[in-house]
Number of protein chains: 2
Amino acid sequence: MGRWMPDAQGRMIRAAMELFAERGFEQTTAVDIAERAGVTERTFFRHFADKREVLFDGSATMVHTVHEAILAAPGDLSPLEAALTGIVAAGDLLEERRDHAVRRSRIIAANPSLQERELLKLAAMVDTTAEALRKRGAPEPAADLAAHSAVTVFHVAFASWISEQAQPSFAECVAQTTAALRKLM
Amino acid sequence: MGRWMPDAQGRMIRAAMELFAERGFEQTTAVDIAERAGVTERTFFRHFADKREVLFDGSATMVHTVHEAILAAPGDLSPLEAALTGIVAAGDLLEERRDHAVRRSRIIAANPSLQERELLKLAAMVDTTAEALRKRGAPEPAADLAAHSAVTVFHVAFASWISEQAQPSFAECVAQTTAALRKLM
């Protein structure tokens, strides 16, 4: 059991990731996860609504980080630039646990029900981004379009971040993906 | 019962839209819809997996239309322009039943579970668009980025198409939204 995550929540996340990788997501139960983590089932359900939520424990923090980074961005940035500041801040969280992010994305890619939940979380990121841009004074449809575009960049940059041999930083992937997007227009 | 939809499927869709508007989506059952449409419950379930699917009967046709329009677009169009040709073709289907589209979007906006299904259908439209662009020879990440951007335009253009007093055409909304997107970059 990983000493790097001494708390119960961290142990459950680590146990779940091991079990999902060993047996598959569908074949793993909340009870299995609690057992492997050395906690009771009750403790598990105090932290997570279901076994799917173990994979989305960082989503709320990530969305909050995006929101705060956009509000803190220099006032002279365009709506898209401000939104991308939020995306880069989200990437900083991913950089802190790259291996977890890679394993997590493999598990999600193998399970349609997890892909659906991931889509919902990305939609929440679009909504939060647009809201933060409106607070900065961006009008519609600029706020909405910039929010969608920034989350598109996040999505595509993430795919290259986890797949490229050279292991570029997330911020580099965002810069490259943004350049590719601008070239398309 | 609308004579404009003499077939059983059309009658069920019309009955469902009436009931969802009168009672709300949650308070309407498949049995209610079958009864109002003058068909048996068995007939209902031969056409639709559940009452939610009544609202998504056009999704497969729309995604297919997008795919075919992109493949049929002139070969010299850029990936984004080709993708937008698909979006305009999808808009032509919406124009054919504007009132239905408006009522449908109100029902979906009022129900989180329907919003989730709508997100999944939009994600399917992104995947199909990217696939069609790759068939035209678009490389990655251009195909993926153009597909996401075109569906963003669809989403934002749809909102202005159903809300603007002047009732612009869907193609006009797509043109305006695309211009706003280009200006952001």
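**Walking through the model**

Guide: Going from the N terminus, the elements of chain A run α-α-α-α-α-α-α-α-α. This is a predicted model, by the way.

Visitor: How many helices and strands does chain A come to?
Guide: Nine helices and zero strands.

Visitor: What does the predictor say about confidence in chain A?
Guide: The average pLDDT of chain A is 92, and 97% of the residues score at least 70. Among the elements, helix H6 (residues 98-109) has the lowest mean, 91, while H9(A) has the highest, 97.

Visitor: Where does pLDDT stay under 50 in chain A?
Guide: Over residues 1-5 of chain A, for which the model has seven contacts beyond four places in sequence. Where pLDDT is low, the predicted coordinates should not be read in detail.

Visitor: And the scores for the complex, what are they?
Guide: The predictor gives an ipTM of 0.89 and a pTM of 0.90.

Visitor: OK, overall dimensions. What does the C-alpha trace of chain A span?
Guide: About 50 × 35 × 30 Å along its principal axes.

Visitor: What share of chain A is buried?
Guide: Buried residues are 36% of the 185 in chain A. As for contacts between residues at least 6 apart in sequence, 57% join residues at least 24 apart.

Visitor: Switching topic: which domains does the assignment give for chain A?
Guide: Domain 1 covers 8-54 and domain 2 covers 59-184. Their centres, taken over C-alpha atoms, are separated by 27 Å.

Visitor: How many residues are in contact between domain 1 and domain 2 of chain A?
Guide: Five residues of domain 1 are in contact with six residues of domain 2 in chain A. On the domain 1 side, that's four nonpolar, no polar and one charged.

Visitor: Can we zoom in on a residue? Which helix of chain A is A:Ile33 found in?
Guide: A:Ile33 is in helix H2, residues 30-37 of chain A.

Visitor: Is A:Ile33 buried or exposed?
Guide: A:Ile33 counts as buried because it has 25 C-beta neighbours inside 10 Å, and the cut-off for buried is 20 or more.

Visitor: Which residues does A:Ile33 touch, not counting those up to four places away in sequence?
Guide: A:Met12, A:Ala15, A:Ala16, A:Leu19, A:Thr28, A:Phe44, A:Lys51 and A:Val54. A:Met12 is 21 residues from A:Ile33 along the chain, and their C-alpha atoms are separated by 6.3 Å.

Visitor: Now the contact between chains. How many residues does it take from chain A and from chain B?
Guide: 22 from chain A and 22 from chain B. In chain A, helices H5 (79-96), H7 (112-135), H8 (142-163) and H9 (170-184) each supply at least two residues of the side touching chain B. H8(A) gives the largest share of that side, eight residues. By class, the chain A side has 14 nonpolar, five polar and three charged residues.

Note on methods: Residues are numbered from 1 along each chain as its sequence is written. Chains are lettered from A and ligands numbered from 1 in the order in which they are written. This is a predicted model: local features need pLDDT of at least 70, side-chain atom pairs count only at pLDDT 80 or more; totals for chains, interfaces and linings use all residues. Helices (H or I, at least four residues) and strands (E, at least two) are DSSP runs, numbered from the N terminus. A residue is buried if 20 or more other C-beta atoms lie within 10 Å of its own, exposed if 12 or fewer, and partly exposed in between; C-beta atoms are placed from the backbone. Two residues are in contact if their C-beta atoms, placed from the backbone, lie within 7 Å. Domain bounds come from an automatic or database domain assignment. Ala, Val, Leu, Ile, Met, Phe, Trp, Tyr, Cys and Pro count as nonpolar, Asp, Glu, Lys and Arg as charged, and the others, Gly among them, as polar. pLDDT is the predictor's confidence in each residue, from 0 to 100.
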